[in-house]
Amino acid sequence: MGSSTDSHPLDDVAQDAAARLAASEDLLKRAESLQSELQRFADHLAEVYSDYFQHMPTYMHTSFTSELRAEVESLEKAVRDLKSADALASHRVQSTNLPFLEPVWETAKKSRDIVRLRCAVSTGPFKKPILAPGTRIVRSQGESKPFRSGSFIIDVVADGGHSWYKVSSMTNKRLLFDLAKEAVYCGDSDDEDAETVTQDYSDIPLVKLARNLVDTAKGHRIQAKSPSTFLILPRIKEGEYPEVDSVLEACRRLGVSLLCGDSLSPAPPLSDSLLHTMAPSPKANFTEVLNIDTSLLVALASDFSHTTVTKQPWFSHSHNDHTDLESKQSMLSLVYPILGNHKLVCTQEAAETFFHIADTLATDSEKARAYLILGSDPEKSQKQRIEELRQLSIHEVPSCLQLPIRIVDMNENNCQDRLTDPIKKKLETVLNPGRSVFSYGWASGLTTMTCNSVVIKQLEKGLEQLPNLGDLPWPSIWAFPTSRPFVGVPKDIRKRIRKHIGDCSVTCTCGVDELYGHQSNVTII
């Protein structure tokens with residue numbers, strides 16, 4: 001007769017099933033916890049990038065969110081199937097991708113200024129370096145077209161785009177297996193050069209991964225440099241096997257920084273403070289004085305911004321589009337919170353262009369606002385300007401709005417001397433008054449406010465062609481996601497302006513008076 005302490009086979013099966021179920025439920029709990037943290041990150045992004053000129057928050061984490069959602073659904077199904085004794089459930093649990101997704105998120109939590117999670121970038125071939133995802137002047141996705149050529153996944157793009165992190169689930173045991181499979185032999189000679197050592201391991205998957213990471217980074221540029229590369233190996237331990245350490249050294253010689261399991265610090269718990277480190281607000285570094293572009297001056301005076309505009313038969317497609325845009329979101333609801341109580345300036349060229357546009361085609365109410373926000377009447381105080389502007393607007397005008405905007409010389413305090421000749425040459429591609437606006441803001445170290453995102457992209461691309469910007473930081477510019485032109489008046493009743501050429505203060509010698517003097521809708525200046 002068997003001992004009373006012997007276990008029954010059915011009991012062992014039950015215990016094994018219970019253990020598998022408990023392990024699966026633990027995995028599901030971990031996945032749901034990660035999903036909860038990722039949702040907090042997504043909510044934070046939506047808040048800090050709420051009025052950014054591009055729809056940043058969604059694409060920053062879409063891929064990672066989708067992968068994690070699929071993992072949670074798979075684990076939920078595995079738990080249900082284990083409870084119903086499905087034989088395939090254990091296989092689904094064993095093939096879970098959670099041990100990879102967790103260190104990706106841990107890496108993200110230890111990173112600053114995240115640009116993308118699980119970002120696909122092009123592997124080339126590169127005729128010349130292309131723009132990497134990240135922040136130059138504004139945040140952008142860069143020029144990578146990963147689906148037109150080869151693609152490579154960067155798990156975390158951080159530091160505004162300057163750091164690329166790749167996570168690998170490689171273990172010491174698997175690396176030894178790969179070495180045995182390739183029958184690698186490498187001598188110990190101290191005088192072997194780096195190329196020889198690396199070549200010996202060229203077919204090892206981890207070395208291939210490191211080489212692809214480095215080569216792909218070299219084909220991209222972010223603020224005139226290639227991104228720095230990091231290979232995260234949470235399941236690799238250094239110092240256990242000389243063969244493993246040799247492969248890791250070969251990876252480092254390729255130019256990638258390695259962070260192995262024994263040197264990885266645990267990620268801090270998620271908090272509001274940590275979220276602001278992972279994704280700081282792009283408005284955090286605005287200067288005390290803001291430099292205002294002509295496009296924003298127009299938006300600040302436009303009837304589209306201040307009134308409810310009814311579509312007219314003479315409206316262009318652009319007029320109709322701006323009428324629709326304003327009905328969905330008020331322009332001033334974006335502008336006023338940004339301007340706050342900052343002091344405001346604009347260049348002489350920007351002011352002259354603004355007044356020329358206003359005098360040429362603006363409505364009477366738009367002209368009135370133009371002279372309130374930028375007029376030089378010393379008799380009119382800031383408080384009076386605010387009160388009069390309120391009379392011309394259906395929106396509340398904040399009492400802290402610093403009016404009038406001060407007009408400055410674009411070379412105030414010889415600030416243009418700070419720009420190098422190559423930078424000035426790139427700025428020449430920007431038409432005035434934009435050139436004066438952006439060069440003044442950059443040279444004087446001010447944040448420039450604009451509605452002209454096209455010029456920003458043009459400037460970014462031009463500056464990336466320079467080898468470096470010397471000691472000068474990249475310009476600080478905020479691009480609003482939309483603009484508002486003047487409503488203006490129909491062309492047939494619009495007052496036109498013509499300027500004298502040369503000195504015609506006594507007698508017109510340029511012929512403008514003769515050509516236009518008899519036309520009532522022309523003002524000659």
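Modeller: First, the terms. A cavity is a set of points, on a 1 Å grid over the protein atoms alone, where a 1.4 Å probe fits but cannot get out; lining residues have an atom within 4 Å of a point. Grid points are joined across faces, edges and corners, and the volume is the space filled by probe spheres set on the points. Rolling a probe the size of a water molecule over the atoms shows where empty space is left.

This is a predicted model, where local features need pLDDT of at least 70, side-chain atom pairs count only at pLDDT 80 or more, and totals for chains, interfaces and linings use all residues. Residues are numbered from 1 along each chain as its sequence is written, and side-chain values use heavy atoms, with hydrogens and water left out.

Now the cavity. The whole structure holds one cavity of 30 Å³ or more.

Next, the setting. The protein has 525 residues, and 46% of them are buried (under 20% relative accessible area; exposed is over 50%, partly exposed in between; 1.4 Å probe, protein chains only). There are 20 helices and 16 strands. These are DSSP runs, helices being H or I with at least four residues and strands E with at least two, numbered from the N terminus.

Then the aromatic rings. The whole structure contains 10 aromatic pairs. Rings of Phe, Tyr and Trp (its six-membered ring) pair if their centres lie within 6.5 Å; planes under 30 degrees apart are stacked, over 60 edge-to-face, the rest tilted. The W314 and F315 pair is edge-to-face because the ring centres are 4.9 Å apart and the planes stand at 90 degrees. W314 has 33% relative accessibility, so it counts as partly exposed. F315 has 9%, so it counts as buried. Ring pairs also join F354, F355, Y371 and F486 into a cluster.

A132 counts as buried because its relative accessibility is 0%.

Technical notes
1 Å grid on protein atoms, 1.4 Å probe; cavity = no way out; pocket = protein on both sides within 12 Å on 5 of 7 lines; lining within 4 Å.
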